[in-house]
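Before turning to the particulars, please look over the sequence and the model shown here.

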Amino acid sequence: DKFVNHIHCETFSTPFQENTFGHIIVVGDFIKKQFMSSMTKKDMSISVLKNRIDLSKFAKNIHLKEKTEIRRNLGFSLDDFVIIYCGRIIEVKGVKELIEAVLSIDNPKIKVMIVGSSDFKGAQMTDYQSSVCNMAVQHKDRVVFTGYIDKKDIDCFDNMNLYRYHKSADIAVVPSICEEAFNIAILEFLASGIPTIATRSGGLVEEGTSATTLFIDKEHDLVNSIRKAIMELYNNPSKLSVMSKRSVERSRLFDKNMYLNEFENVINQLGQNE
C-alpha cells in the first residue's frame with residue numbers, strides 16, 4: 001500500500017503489478033480503462049492525474065513581420081496555407097500519411113511543416129525518417145523539415161523557439177496511428193490557439209473537443225481522411241477563427257500550475273483509502 005505506479009502509456013495489468021503496487025495513477029481516462037480491463041485484483045485504487053503544460057510558453061504572440069520572416073526562411077509565403085506536425089518521426093505517428101495527404105491535394109498553396117526527429121534531441125536518423133525525408137526532398141516546394149526544436153533552449157535553426165513555429169502555421173495535425181496516452185503536442189497546439197485535426201486515438205479525444213479539433217477515423221484510409229479534414233478547414237476561414245479561440249479557452253484546463261494541487265489531492269485520497 002505504500003507503492004504507487006504512475007503509468008504514462010497504454011499498458012495492461014499483470015500479476016507482478018498487482019502484487020507490487022497498492023495504487024495506480026494514470027495520465028488519462030483511456031489509460032485507466034485499458035488497465036482496468038485486465039485487472040484481476042479489483043480492490044486496487046486507480047486515480048487519473050492528467051498531463052499539464054506550461055501555458056505561458058505557447059500563449060505568446062508574434063508580429064506579422066516576424067511571421068513573414070519565419071515563413072520566408074522556411075520557404076513559405078504569407079498566402080500559403082501551412083500545416084504543422086510536431087513530434088517524433090516514427091511510423092506509429094502517421095507522419096508519412098500526413099505528407100501523402102498534403103501531396104494528394106491539387107493545390108500548391110497547401111503545405112506542411114514537419115517539426116521533430118526520430119526520437120528526442122540528439123536522436124539518430126532512422127530508416128523510416130530517411131524515407132519520409134526523401135519524400136520531402138522530392139516535394140521540397142510543399143514539405144519542409146525543421147528538425148528537432150527545443151522547447152526551452154534556443155535552437156540553431158534561425159534562433160527561434162517552438163511557439164514561433166506554431167504561430168506561423170494555420171492548422172496542426174496529430175495523425176497518430178497508435179493509441180495515444182495523453183499527447184503533449186496537442187495540448188501545446190491548443191495553448192497556441194491553433195485549430196487541430198487529430199485521429200480518434202486513445203487520450204486525444206479527452207484533450208480536444210469538437211469545438212477545437214476535427215477528429216478523424218484512423219482505421220480506414222487515413223490519408224483520405226486527413227485530406228478531407230484539411231480541405232474542410234481550408235475552405236472555412238471563419239470556422240478556423242472560432243476554433244482558435246475555443247482552443248485557447250480549452251487549454252486553460254491543462255495549466256501546469258494546477259498539477260501540484262491535483263497530485264496532492266490524489267495522494268491524500270490514497271492515504272484516506274488505506
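The questions and answers that follow concern a predicted model, and they take up a sheet and then a pocket.

Q: Which strands are the edge strands of the open sheet of three strands?
A: The open sheet has the strand order β1-β2-β3, and its pairing is parallel. An edge strand pairs on one side only, and this holds for β1 (4–7) and β3 (45–48). The edge strands are therefore, by the pairing criterion of at least two bridges, β1 and β3.

Q: Which residue of β3 does I24 stand opposite?
A: Strand β2, which covers residues 23–26, runs parallel to β3 and is joined to β3 by four bridges. Within this pairing, the residue in β3 that stands opposite I24 is I46.

Q: At what angle does helix α2 run to β3?
A: Neighbouring strands of the sheet are turned by 20° against each other on average, with direction ignored. Helix α2, formed by residues 29–36, lies across β1, β2 and β3, and its angle to β3 is about 160°.

Q: Which helix gives the most to the lining of the second largest pocket?
A: The second largest pocket holds about 220 Å³ of space, and of the 15 residues that line it, K67, A169, D170, P195 and L240 are the closest to its centre. At least two lining residues come from each of α6 (162–167) and α10 (237–251). With four residues, the element that gives the most is α10.

Q: How many residues of the lining of the second largest pocket are nonpolar?
A: The lining of this pocket includes three charged and five polar residues. The nonpolar residues of the lining number seven.

Technical notes
Residues are numbered from 1 along each chain as its sequence is written. This is a predicted model: local features need pLDDT of at least 70, side-chain atom pairs count only at pLDDT 80 or more; totals for chains, interfaces and linings use all residues. Side-chain values use heavy atoms; hydrogens and water are left out. On a 1 Å grid over the protein atoms alone, a cavity is a set of points where a 1.4 Å probe fits but cannot get out, and a pocket is an open set with protein on both sides within 12 Å along at least five of seven lines; lining residues have an atom within 4 Å of a point. Grid points are joined across faces, edges and corners, and a volume is the space filled by probe spheres set on the points. Ala, Val, Leu, Ile, Met, Phe, Trp, Tyr, Cys and Pro count as nonpolar, Asp, Glu, Lys and Arg as charged, and the others, Gly among them, as polar. Axes are lines fitted to C-alpha atoms, for helices over the stretch in contact, and angles run from 0 to 180 degrees between N-to-C directions. Contact means heavy atoms within 4.5 Å.
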